[in-house]
Amino acid sequence: MNDHDPKISNPGYPTGAPENVSRRRFLLASAGITAGSLVLGFGLSVAPNKAAAAAAKDMPPGSNVPAFLELRKDGKVRLLSPFNEGGQGVFTAMAQIVGEEMDVAPDSFIVENAPAGSDYLVVYGKMRITGGSMSVRTSYDTMRKLGAAARQMMLEAAAKKLDAPVSDLSTEPGKVVHKASGKSLGYGELAGDALDQEVPSPDSVTLKDPKDFKWIGEPVKRVDVYEKSTGKAIYAMDAKVDGMLHAAVQHAPRLGLKPGDISNLDEVKGMAGVMSVHKLDGAVAVVAERFWDAKTAVEAAKVDWQEPSEDEKSKIRYMPADFSTEEFAKQLANTKGDGTEAESEGDITSGFDGAAKTVDATYQSQYLHHAQIEPASTLARFNEDGTLDIWLPNQAPEQFQAQIADAARIKPEQVKVNSPMLGGFFGRHFLYPAANPFPQAVQLAKEVGKPIKVIWTREQEFLRDPLRPMAAVRFRGALDDQGMPVALEAISACEGPTEALNGHNPDKVDAMAVEGLTGKSYAIPNRRIAQNFVENPTSLAYWRSVGHSMNDFFYEAFLDEMADAGGQDPYELRMKLLEGNERLTNLLKAVGDLSGGWKRGPFDAEDGTRRARGVAMASPFGSEAAAIAEVSIQDGQIVVHDIWDVLDPGSIVNPAIIKAQIMGAATLGTSEALIEEVAYKNGEPTARNFDYYPILGGARAPRIHAKVIESGAKMGGVGEPPLPAVPPAIANAVSALTGQRVRSMPMDKLDLKKG
Amino acid sequence: MKLKINGKSVDVQSGPDTPLLWVIRDELGMTGTKFGCGIAQCGACSVLLDGMVQRSCVLPVSAVGDSEVTTIEEIENDPVGKRVVEAWVDKEVPQCGYCQSGQVMAATSLLKSNDKPTEDDITAAMTNLCRCGTYNAINDTIASIAGTDAAKAGDAQ
């Protein structure tokens with residue numbers, strides 16, 4: 001796909017020409033801007049940790065202390081985090097966990113995302129992603145042991161300096177103390193020696209008794225809020241290196257199309273600032289010194305987009321010209337068949353045979369954008385030694401490194417992956433075909449011979465953002481003569497994100513397609529959950545809480561239908577179905593109490609509005625969640641006044657960050673439930689920016705009341721679990737208010753009676 | 001073209017149609033002001049023009065004229081902006097942080113024109129989008145700066 005013709009490059013650049021550079025620097029300095037002549041802002045490689053050389057291959061991931069920690073003379077500790085920070089607070093959690101065992105206050109840490117490398121594969125000790133709400137719960141013990149090993153090394157170094165046995169030494173935050181002599185050495189004073197000590201085996205260290213924790217479990221301040229409140233935090237969008245040029249792209253309107261001729265090529269080449277025009281895989285690009293010039297020119301390009309051959313179509317996810325989400329939703333809803341079984345309990349046939357009453361309904365979900373506010377970008381720089389430095393948003397550095405190496409035709413170890421802070425992610429920055437700008441940046445950097453930064457505009461981002469899947473779930477439920485559910489069957493027509501990425505196995509269910517239909521704790525004796533695979537032409541993705549983001553909506557709203565059919569209050573019915581389950585009945589009681597006591601309504605609020613409440617639960621990512629929502633209808637539109645959202649992640653590291661995650665997840669769940677939908681007509685999305693794909697703003701944001709329960713159960717996830725109970729709580733409240741069932745999202749599309 | 005920005009007067013080479021955002025980011029090298037949508041929907045690019053919040057992604061640099069531009073890089077040198085930043089840090093408003101430069105600028109603009117905003121004033125002024133869902137925290141924090149009732153704010157137990 002190298003269609004770059006050097007002859008179409010335009011070496012002249014009318015504005016901001018190189019001869020002005022030094023003057024510009026002076027002006028930058030005079031405007032109070034930090035500007036350097038080399039690498040600006042970040043990406044300044046700190047001298048490699050001594051460990052890089054010492055890294056022993058037989059050390060398990062997460063144990064090679066010098067690969068993670070750099071001690072500074074001022075007592076600060078630089079921690080290379082195996083997890084990337086994108087708002088979820090993991091940099092702070094890592095500082096708390098490592099600091100607890102190392103005896104360093106969390107605010108003494110400078111945390112950055114670690115480079116690619118086997119030392120950092122700490123998720124279950126074998127892989128590395130920032131996702132699945134897995135960071136803390138899968139690495140907790142490993143990172144504690146890392147901190148304990150580091151403390152041991154501080155003690156060993158101090159023992160030599162003080163000429164005292166280690167057994168006579170202890171630590172206080174940031175220093176080693178020799179009680180007998182009253183001497184102490186700050187960790188900063190040991191900076192030169194400690195990391196040269198032999199690294200203790202993780203099995204040899206002693207961990208603290210949790211009752212002695214100083215920081216784990218406390219609402220420790222986030223380590224990054226000042227930088228994020230003053231524009232100093234650096235995202236991939238902000239990456240820059242000396243000599244860098246900008247590129248903007250125009251993606252094919254449909255995935256799979258290829259760029260043919262650019263009919264106005266000469267005009268585009270002659271536009272202000274344009275240096276070169278390139279054809280890429282499924283896109284055209286313009287390179288300029290300044291992004292605005294590149295963007296203006298590439299958007300003016302009239303490209304003859306060409307259909308791929310049938311052979312090419314078979315190898316990619318090809319978007320046909322007649323695809324519409326309206327038709328696809330009908331296809332999903334009309335998909336027949338019992339499906340491949342995902343979960344089964346009791347006997348579904350006999351459950352229905354003895355039923356006093358049955359309920360049937362089909363529920364549907366919509367495609368969603370991640371819509372993180374930072375659009376995707378990538379900066380690529382080839383170095384004279386053949387290595388490649390690359391800056392890009394990502395949730396899995398080693399996986400990206402391998403594919404970047406393929407794209408650049410070099411070895412993975414020649415690719416230095418820099419993973420700046422993420423301007424939101426929500427599942428956006430995994431490796432998805434055609435959804436990451438790095439192949440474009442690599443190709444352009446090669447063709448131009450200079451560092452290239454590709455920025456996707458919001459429109460280009462939305463054209464290639466892989467989507468939360470659509471699904472249609474056929475439910476049927478059976479009730480006994482007491483109105484209690486005795487059987488429930490749910491058959492989902494859906495393609496899960498994992499099978500979309502890794503290929504569909506006809507004998508298997510994609511667990512992420514059905515999670516939230518499966519894994520429910522309600523004592524319904526006869527249950528059957530199954531999936532009918534229906535392939536999508538769109539790219540599919542993980543989206544905050546993945547299958548749970550839709551399946552708990554389906555299930556919990558249908559459970560309310562069954563409650564109503566059986567003449568039962570939905571809160572009391574849940575309590576009965578969870579009888580004997582102490583953790584979940586406590587949780588349900590907690591959310592009821594938090595809301596001031598369960599009341600369904602409808603009732604008249606103090607402001608004169610007619611309101612109702614709905615309740616729902618979810619068991620996502622090893623945690624348990626319950627939510628109550630209070631709604632009214634004003635001018636035909638749903639108003640969500642309050643959400644009470646309680647999360648039980650078992651045990652916790654930082655309650656303040658967890659509450660922030662609850663508030664964020666509840667807000668996103670409200671946005672999904674009310675507003676959002678990616679629609680396609682004629683193979684193209686109808687919206688390419690926030691004007692036609694609105695997301696929840698402050699004016700419609702509910703009050704969120706968050707509570708964390710620490711039940712002592714095995715540690716579960718935090719970032720995603722508070723979301724899934726929210727959309728069904730809203731749906732159930734709307735149904736209670738209007739008497740109409742809510743079986744699809746977004747609810748703003750529903751024609752609702754006034755409550 | 002001359003541009004008054006952050007208390008300095010600078011020469012700008014970019015074309016007159018270039019939005020102020022890209023002059024700030026590309027030519028002046030200040031990256032605290034963010035690109036999010038390019039059509040004045042999200043507010044990540046918010047700056048102050050003579051103390052009033054503006055979305056710089058749709059404002060041609062030639063339209064700035066004699067107005068004084070203030071970016072997030074300078075906000076702590078503004079007395080109101082300094083209080084906003086301190087409160088933002090104290091209340092730990094940011095999550096991913098990408099929208100927060102713009103949120104801080106919008107909050108500063110509001111409080112410069114109205115030091116006792118009501119809940120409705122805050123809602124009307126704070127229209128910047130945040131995908132992490134910090135809206136409750138933003139409202140709570142502005143109300144705390146103003147010393148007004150934080151009724152709209154959420155709570156956490």
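Two strands pair if DSSP finds at least two bridges between them. Strands (E, at least two residues) and helices (H or I, at least four) are DSSP runs, numbered from the N terminus.

**Ground rules.** I am reading a predicted model, where local features need pLDDT of at least 70, side-chain atom pairs count only at pLDDT 80 or more, and totals for chains, interfaces and linings use all residues. Residues are numbered from 1 along each chain as its sequence is written, and chains are lettered from A and ligands numbered from 1 in the order in which they are written.

**Entry 1, chain A sheet.** I looked up the strand order and found S9-S10-S7-S17-S14-S15-S16 in chain A, an open sheet of seven strands with mixed pairing. Strands S9 (274-280) and S16 (415-418) of chain A are at the edges with a single partner strand each, so each has one side without a neighbour in the sheet. Neighbouring strands are turned by 20° against each other on average, direction ignored.

Next I checked S15 (residues 388-391) of chain A, which pairs with S16(A) in the parallel sense over four bridges. Ile390(A) is opposite Val417(A) of S16(A). Helix H12 (residues 397-408) of chain A lies across S15 and S16 of chain A, at about 135° to S16(A); angles run from 0 to 180 degrees between N-to-C directions, with axes fitted to C-alpha atoms, for helices over the stretch in contact.

I then turned to H2 (residues 79-90) and H5 (residues 135-146) of chain B, which pack at about 130° with axes 10 Å apart.

Technical notes
Contact = placed C-beta atoms within 7 Å.
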